[in-house]
Amino acid sequence: MHILMTGAGGAVATALTPRLTALGHSLRFSDRVRPAALPADAEFVPADLTDRDAVHAACDGVDAVLHLGAISVEDAFDAILDVNIRGTQHVFEGARRAGNRRVVFASSNHAVGMHPRSALLDETSPYRPDSFYGLSKAYGELLARFYWDKHGLESASLRIGSCEAAPSQKRHLSTWLSHDDLAQLVDRSLRAERLGAAIFYGVSANDRRWWRDRSAETIGYRPKDNAEAHAGKPGMLDPMPNPLDETHQGGTFVSANYTRTLPPSDLWEAMGAEQKQGSL
Ligand code: 15L
């Protein structure tokens with residue numbers, strides 16, 4: 001398949017490129033500027049995600065889009081709005097106009113990061129974004145649903161955990177996604193016979209994972225790596241400095257710009273009326 005890969009200069013794209021190529025995909029790379037590491041003969045189309053026409057042009061003539069481009073951390077709302085929210089709409093609309101077969105969208109666990117770590121989530125769990133960044137990913141998933149329901153454009157939204165070469169924090173023992181497992185999940189999403197508007201968790205076969213993803217099994221995703229193999233290695237950051245980060249799935253995204261003075265929402269929901277009164 002000929003795939004447009006947005007965010008080609010990012011770390012995840014860099015790790016995926018040789019793996020997807022080895023799996024038989026031909027890649028058209030896109031980003032604001034041509035990544036220095038890209039070989040001279042690689043197909044590159046410059047497009048800033050905020051530039052609708054450039055994004056639409058980049059989508060022309062490919063089979064599918066792998067949309068990795070984004071601000072990948074918490075930021076000011078206006079920046080997230082322009083790049084992650086408007087930019088993702090440009091991608092879906094570009095794919096629709098170009099008649100691309102499907103979009104694989106890099107969503108994130110931060111769309112549901114406010115859930116407590118004690119919760120075992122699946123793809124039907126309610127949205128609980130932990131940041132403007134997480135909100136933008138929830139929006140992208142809804143956009144994917146909308147483009148399927150209204151325009152018949154298929155997609156897989158991958159709720160990626162922590163995609164790194166190796167886990168580097170205790171939280172990653174639950175959230176880690178190895179580069180090989182991500183490549184397998186992307187490949188399966190691209191090749192699946194039918195997707196509709198699917199949501200899959202991007203997580204390796206970690207013993208301590210918080211997400212049980214039955215739907216990814218339906219496309220044959222069988223993660224091979226397990227963060228447990230890295231448990232107890234030196235350099236693993238633990239514990240996180242803020243208790244909010246340790247009790248919620250989203251980690252440090254949860255405490256960023258947090259102003260709540262009432263008990264955290266899960267405790268609040270579990271409290272009786274009298275206890276609630278006492279904490280007002
Ligand atoms: C993400 O979605 C971020 O892009 C990345 O920076 C990590 O924070 C990752 O999630 C994570 O949750 O570890």
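Helices α3 (residues 77-98) and α4 come within 10 Å, axis to axis, and cross at roughly 20°; axes are lines fitted to C-alpha atoms over the stretch in contact, with angles from 0 to 180 degrees between N-to-C directions. The two helices are therefore roughly parallel to each other, a label for angles under 35 degrees. The model is predicted, with pLDDT of at least 70 required for local features and 80 or more for side-chain atom pairs, while totals for chains, interfaces and linings use all residues. Residues are numbered from 1 along each chain, and side-chain values use heavy atoms, without hydrogens and water.

Contact means heavy atoms within 4.5 Å. On the α3 side, the residues that meet α4 include Phe 77, Ile 80, Phe 92 and Arg 96. Their partners in α4 include Phe 132, Tyr 133, Leu 143 and His 151. By class, this contact has 10 nonpolar, 6 polar and 2 charged residues. Ala, Val, Leu, Ile, Met, Phe, Trp, Tyr, Cys and Pro count as nonpolar, Asp, Glu, Lys and Arg as charged, and the others, Gly among them, as polar.

His 2 lies in strand β1. Helices (H or I, at least four residues) and strands (E, at least two) are DSSP runs, numbered from the N terminus. The C-alpha atoms of His 2 and Val 62 are separated by 5.3 Å, although the two are 60 residues apart along the chain. Not counting residues up to four places away in sequence, His 2 touches Ser 26, Leu 27, Arg 28, Glu 43, Gly 61, Val 62, Asp 63 and Ala 64.

Conventions
Angles under 35 degrees count as roughly parallel, over 145 as roughly antiparallel, 65 to 115 as roughly perpendicular and the rest as oblique.
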